[in-house]
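Welcome! Below is a short tour for anyone meeting this structure for the first time.

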Amino acid sequence: MSSVADGRHRVIGPAILRLAIVGALCAGAGWMFGTRVGLWLAVVCLAALYLVQLYYLAVLGGWLETPSLAAIPNGIGAWSEVFARLYRQQRASEIAQQRLIDNEERFRHTISALPDGIILVDASLQIEWCNPVGERHLGISLKRDNGLRLTNLVRDPAFVAYMNAGRYEQALLFAPLALPGVMLSMAVVEFEPARSIVVTRDVTQSERVDAMRRDFVANVSHELRTPLTVVKGFLETILDDRASELDPTRLHHMTLMHEQADRMHSLVEDLLTLSRLESRQDPETEEQIDAAQLVAEVADEARTLSNGRHHVSVETSRIRLLGARDEIRSAYGNLVSNAVRYTPAGGRITLRCLEQDGGVALQVQDTGIGVAPEHIPRLTERFYRVDKSRSRETGGTGLGLAIVKHVLIRHQARLDVQSEVGRGSVFSAWFPPARRIAPEGEREAA
Ligand code: ADP
């Protein structure tokens, strides 16, 4: 505040002093040569001062038309202070502007140097900016295509479907037409209500390694399947037909061998199921599934597995779901068999299908051992077990929830787990609204 007042004084002070000197001169002339002369002198001096002010106003007006640091005019008296101040302000603003330009330039350089493609688009997917890697990945040119709709330029069906669906929770893996032999992973980040960043990454190498790993696991599992079936078959035959002829030690060994062969067989089957699920992103066939019927079937399996040790109940409503029936049945079956295996005898297991947030939830609730919160995020990792020995004892392969995860990803669904150690768990497979087939009445109303 004081600096503003100081500035004002610095401009007005000399002007008032000058007026006072002129007034004193005129008064002196009037005293010496008569009042008339004094008055005339005062009029002439004021007119001269007025013209000077007019001149500098015109100079200022002219400069303001095209303000630039180099063309700042010089002035006399209070005007020299005004122009000096304009000079300082103009210089400060030019420095700030240059700094802004430098920062933007540096930012663009940094983004251009990224190994990932960055494409900035508005709400209607029109390109606003992109880095050279983005241009190469999607076969576009910023100069040529700026302002054009991205989906009109990149015609890959998977890309267009992904962008138009507007569901960006999962990255898209696709082979761009513009770059044969290359595999891209693409994610969309919505960072303002009307703007998004499309990020593309070349994952050719990691996909190749991943495919090699998948093929290796699938081939080994496949090769192991036949010998294992033979071993298991012979052991079964021996145990069925010759058990009475074996001495207790041998019988014990045979029984152990049979159990382990069984475990290996389940492991091989689960590994093959996982490879099958991984080899394609979408389910092969989609059909209308009667969720209540599916839950009832899985409940029957649960009763057989439980063998009367648990109270198994079902709560369903009439819901139909769109998806691959076998896959969903196997995923839900895994959740339910876990509930049976991790619930001590006498516990309750409840199977439900219900409408939730516009979609469908297939739930299983148990009063079993529960899972501590720190383990929950890792449950769907392959071979992740909270208690290894318990999992083995109950015949677990450690792959059940990994299979569930893959099936759900293929159906754009997710797994929700709520659990408390010692009290039980709720495992819920939630399918989005697009997978729920609305009942007749609801569809007509819509
Ligand atoms: P597993 O064959 O070992 O059961 P899963 O992938 O099916 O493998 O499950 C991973 C781990 O999650 C299990 O080892 C177990 O520790 C835990 N888990 C799964 N379901 C339940 C449940 N209903 N209650 C308690 N723990 C569970």
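Strand E8 (residues 320-323) and strand E13 run antiparallel and are joined by 2 bridges. Strands here are DSSP runs marked E of at least two residues, helices are runs marked H or I of at least four, and both are numbered from the N terminus. Two strands count as paired if DSSP finds at least two bridges between them.

## How to read the model

This is a predicted model, in which local features need pLDDT of at least 70 and side-chain atom pairs count only at pLDDT 80 or more, while totals for chains, interfaces and linings use all residues. Residues are numbered from 1 along each chain as its sequence is written, and side-chain values use heavy atoms, leaving out hydrogens and water.

## The nonpolar core

The largest nonpolar core has 40 residues, and Tyr332, Leu351, Leu362, Val364 and Phe431 touch the most other members. Such a core is a set of buried Ala, Val, Leu, Ile, Met, Phe, Trp, Tyr and Cys residues joined through side-chain atoms within 4.5 Å. Elements that each supply at least two residues of this core include helix H9 (248-279), strand E9 (348-356) and strand E12 (424-431). Helix H11 gives the largest share, 7 residues.

## Buried, exposed and in between

Leaving aside residues up to four places away in sequence, His406 touches Leu274, Leu277, Glu278 and Arg382, where contact means heavy atoms within 4.5 Å.

Gln260 sits in helix H9 and is partly exposed, at 40% relative accessibility. The C-alpha atoms of Gln260 and Lys232 are separated by 9.3 Å, although the two residues are 28 residues apart along the chain.

Phe33, in helix H1, counts as exposed because its relative accessibility is 56%.

Technical notes: Buried < 20%, exposed > 50% of the residue type's maximum accessible area, 1.4 Å probe, protein only.
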